[in-house]
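Student: I would like to go through this model with you. Can we start once it is on screen?
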Amino acid sequence: INLYKFNELDSTNDYLERNHKNYEEFDVICAKNQTHGRARRRNDWISMEGMAIFSFFLKERENWKIEDYLKLPLIAGLATIRGLKGIENLEYKFKWTNDIYLENKKLCGILMEKIDDVYIVGIGINVNNILPGTLKNKAISLTQATNKKYEIDEIVKNIVFEFQILCENLENGLWEDILTEINEINYLKNKEIELKFGNEAVSGVVRDINENGEIEVLVKQDENGKIVIRSFSI
Ligand code: BTN
């Protein structure tokens, strides 16, 4: 696994979007810091030194179907947890679709994007950084959990290695095993959440992630005095 290290980039995902043709599949772009880190849903990702900030890409595969690619966010999440466990064995949880939680706080975010014929995986992990007070209740870093310092390159290599293995496993028909492992660390499981449909909100209890990679929510609804229990995916 080749790491290409930069002191500062706008965003490692954006860099790869522009330059992926100059790199090989699974080459890793690492940055100490980012000026325009991006998160999902057009949010910003606040970057700072001490985080693991990196992106790599997977090429489109001739024998894969769209359903296979839809599983990639889950695979990236599991690869991250496996990679982290290899360095520090903590109770990491996978928050569907692809965040990692530790002690009920966000440790890591993953942003997956498709450009041309490649799928870019961008990962930001709070490792040696101390989070600002404003995020103290929401986010955590490894060093805040253990008081230790970590070798970021080792973490990055572990994660990309695990991602490669999991992609091979998926290709070899082992999705069931992957899914079982993911459901064992499903952060949302049995939590009550609120689902909004336009102006209407219903509450439900999260069940397992299903074979399509969707999360199932059990909704109890009172309709004309009747209790209807429906299970569907969001
Ligand atoms: C999220 O929490 O919604 C995803 C956050 C992803 C952040 C990482 S940091 C490396 C890569 N470059 C980016 O601009 N974003 C991802």
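Tutor: Start with α1. This is a predicted model. The buried residues of α1 are T12, N13, Y15 and L16.

Student: What makes these residues of α1 count as buried?

Tutor: The cut-off is 20 or more other C-beta atoms within 10 Å of a residue's own. T12, N13, Y15 and L16 are the buried residues of α1, so each of them meets that cut-off.

Student: Why are they said to lie on the same side of α1?

Tutor: Because their arc around the axis is only 160°. In general, an α-helix has 3.6 residues a turn, so residues three or four places apart point the same way.

Student: Which strands do the buried residues of α1 pack against?

Tutor: They pack against β1 (3-9), β2 (28-34), β3, β6 and β7.

Student: Which elements each supply at least two residues of the shell around the ligand?

Tutor: α1 (12-19), β3 (52-59), β6 (105-115) and β7 (118-125) do. The shell has 18 residues, and S11, A39, G109, G122 and G124 come nearest.

Student: What makes up the shell by class?

Tutor: Six residues are nonpolar, nine polar and three charged.

Student: How do you know that domain 1 and domain 2 touch?

Tutor: Contact needs C-beta atoms within 7 Å. Eight residues of domain 1 (3-184) are in contact with six of domain 2, so these meet that cut-off. On the domain 1 side, α6 (175-184) gives the largest share, three residues. That side divides into five nonpolar, one polar and two charged residues.

Note on methods: Residues are numbered from 1 along each chain as its sequence is written. This is a predicted model: local features need pLDDT of at least 70, side-chain atom pairs count only at pLDDT 80 or more; totals for chains, interfaces and linings use all residues. A residue is near a molecule or strand if its C-beta atom, placed from the backbone, lies within 6 Å of it. Helices (H or I, at least four residues) and strands (E, at least two) are DSSP runs, numbered from the N terminus. Ala, Val, Leu, Ile, Met, Phe, Trp, Tyr, Cys and Pro count as nonpolar, Asp, Glu, Lys and Arg as charged, and the others, Gly among them, as polar. A residue is buried if 20 or more other C-beta atoms lie within 10 Å of its own, exposed if 12 or fewer, and partly exposed in between; C-beta atoms are placed from the backbone. The arc is that of the directions from the helix axis to the C-beta atoms. Two residues are in contact if their C-beta atoms, placed from the backbone, lie within 7 Å. Domain bounds come from an automatic or database domain assignment.
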